[in-house]
Amino acid sequence: MVTDPLIDQTQLDEETNASADVLMVDFAPDGLRDAASRVEDLIEAGDETALDEVVSGTHPADLAALLGVLSHDLWPRLLGRLSIARISDLFEELPDHLRDDLAEHLLPDQLTGALEEMASDDAADVLADLPGPLARGVIRSLPRRDRREVEALLVYPEDTAGGLMQMELVSISEDASVDEVVEAIRSERDDVGEVFFVYVVDADDRLVGVLNLGALLLARGDRPIRDLMKTRIHTVNPEEDQESVARIFKRYDLVALPVVDADGRLLGRILHDDVVDVLQEEADEDIMHMAGATAGEPELVYTDQLLRIAGVRLPWLLATLAGLAVPAVLTHGFQISFPHMDELVPFVLVIGAMGGNVGSQSATIVVRGFATGRVDFHNLGHFLFKELVVSSLMGLACAVLSGIVSQLWHGDLRLSAIVAISMFVAIIASAILGVLVPYFFRLVKIDPAIAAGPAVTTIDDIVAIGIYYVVALLLITA
């Protein structure tokens with residue numbers, strides 16, 4: 001039988017394209033579901049070769065995304081084909097709430113081996129997400145050096161510089177030469193990974209300088225590094241909050257930041273990729289707080305723990321419901337105080353809603369300013385004055401428009417004046433409250449992202465309707 005090489009090559013190309021098609025993962029929801037469906041079909045068909053291609057050819061981030069939508073019952077069919085190094089990469093890419101699920105599908109030796117492969121900061125993050133007994137057992141099984149590093153890192157909260165730092169770095173004595181630094185980098189390359197800077201320390205391990213690799217490559221081998229190192233160094237203490245760390249990276253365009261203790265001794269370094277994760281995490285937490293999630297469990301709202309989700313979202317809603325009783329009473333007061341002016345009542349909702357909207361805008365700007373470092377107590381006066389000017393301009397425009405609408409609707413000049421004046425004053429007052437309320441919550445150590453939204457909306461409704469009531473009372477009585 002004669003085989004046509006062209007036909008064989010065509011078939012080979014088709015098979016290659018089919019395999020490549022399986023390996024492509026689109027991070028849109030439909031794309032992820034399609035990729036997971038193709039993997040499920042391969043598992044059901046028992047196509048071992050194609051599954052091996054998926055495991056070996058798919059990026060760890062894509063594989064982590066696939067595991068997130070695959071049924072947990074199918075995980076062992078994929079995980080059994082992973083090397084220890086691939087499992088290590090997968091741990092780093094998985095979201096926190098799936099790490100303990102992955103650990104449950106691994107043998108103790110696999111879990112320990114995967115943690116050994118990781119940088120110290122990533123290993124500490126994984127251990128912090130595992131159940132206590134399991135984490136302690138894994139720590140005991142680690143080699144002495146790895147165990148000492150992760151135990152040192154686990155002392156620090158996850159949201160601090162100490163929780164972000166890794167202990168793998170290249171440090172050298174200030175008395176060393178360029179040749180000695182190059183040899184130190186070569187000897188540490190397997191453990192350290194990426195080397196952006198060499199940190200120069202004195203005899204007591206205090207950080208005294210940083211050596212740029214570019215300067216190192218251009219210098220003579222016998223030249224002392226104290227002549228090349230930079231002594232003006234940005235550093236951070238391990239207790240520093242991760243938001244402050246992220247702001248330092250952004251302000252100075254850093255790729256790495258050394259962590260030192262109170263005496264200036266070098267403890268570790270924070271890399272730029274960890275700060276990117278921090279920025280994403282902080283943004284997610286702020287949004288989740290606005291949705292009612294707790295600070296400790298921002299991912300809770302995506303789980304199936306329905307009673308707990310309701311429990312964390314309900315308190316502020318109940319507080320808002322109680323606060324809304326005041327506008328209801330004020331609305332009833334309109335009907336009693338002005339029995340012959342029913343046309344006042346429809347504008348209660350308009351003025352209350354506008355006050356709440358303006359206050360929410362101001363509060364959102366302040367809360368976002370807190371997160372980015374652009375707003376703090378030192379510039380409260382400046383920011384308050386700016387909001388006062390802006391709200392006056394917005395209030396004037398809305399007052400004129402609402403007064404015209406009222407006049408066209410009812411033809412009552414006095415009613416139009418009441419509505420316009422009330423709208424103007426309510427918008428200014430709401431904007432000021434939208435600034436002050438988040439500042440107050442920050443002052444009393446309550447996260448403004450959680451509390452400011454419901455509180456500002458409710459308070460501004462009350463204040464706006466109260467202003468409308470007082471203005472109406474004054475003008476009608478006069």
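Mentor: What follows looks at the sheet, then at the helix across it, and ends with confidence.

This is a predicted model, in which local features need pLDDT of at least 70, side-chain atom pairs count only at pLDDT 80 or more, and totals for chains, interfaces and linings use all residues. Residues are numbered from 1 along each chain as its sequence is written, and side-chain values use heavy atoms, with hydrogens and water left out.

Three strands make up an open sheet of mixed pairing, ordered β1-β2-β3; strands here are DSSP runs of E of at least two residues, and helices are runs of H or I of at least four, numbered from the N terminus, while two strands pair if DSSP finds at least two bridges between them. Because β1 (171-173) and β3 (207-212) each have a single partner strand, they stand at the edges, and one side of each is left without a neighbour in the sheet. From one strand to the next the twist averages 35 degrees. Three bridges join β1 to β2 (residues 197-201) in the parallel sense, and Ile 172 has Val 200 in β2 as its bridge partner.

Across β1, β2 and β3 lies helix α13 (residues 178-192), which runs at about 150 degrees to β1; axes are lines fitted to C-alpha atoms, for helices over the stretch in contact (heavy atoms within 4.5 Å), and angles run from 0 to 180 degrees between N-to-C directions.

As for confidence, the protein chain averages a pLDDT (the predictor's confidence in each residue, from 0 to 100) of 82, and 86% of the residues score at least 70.
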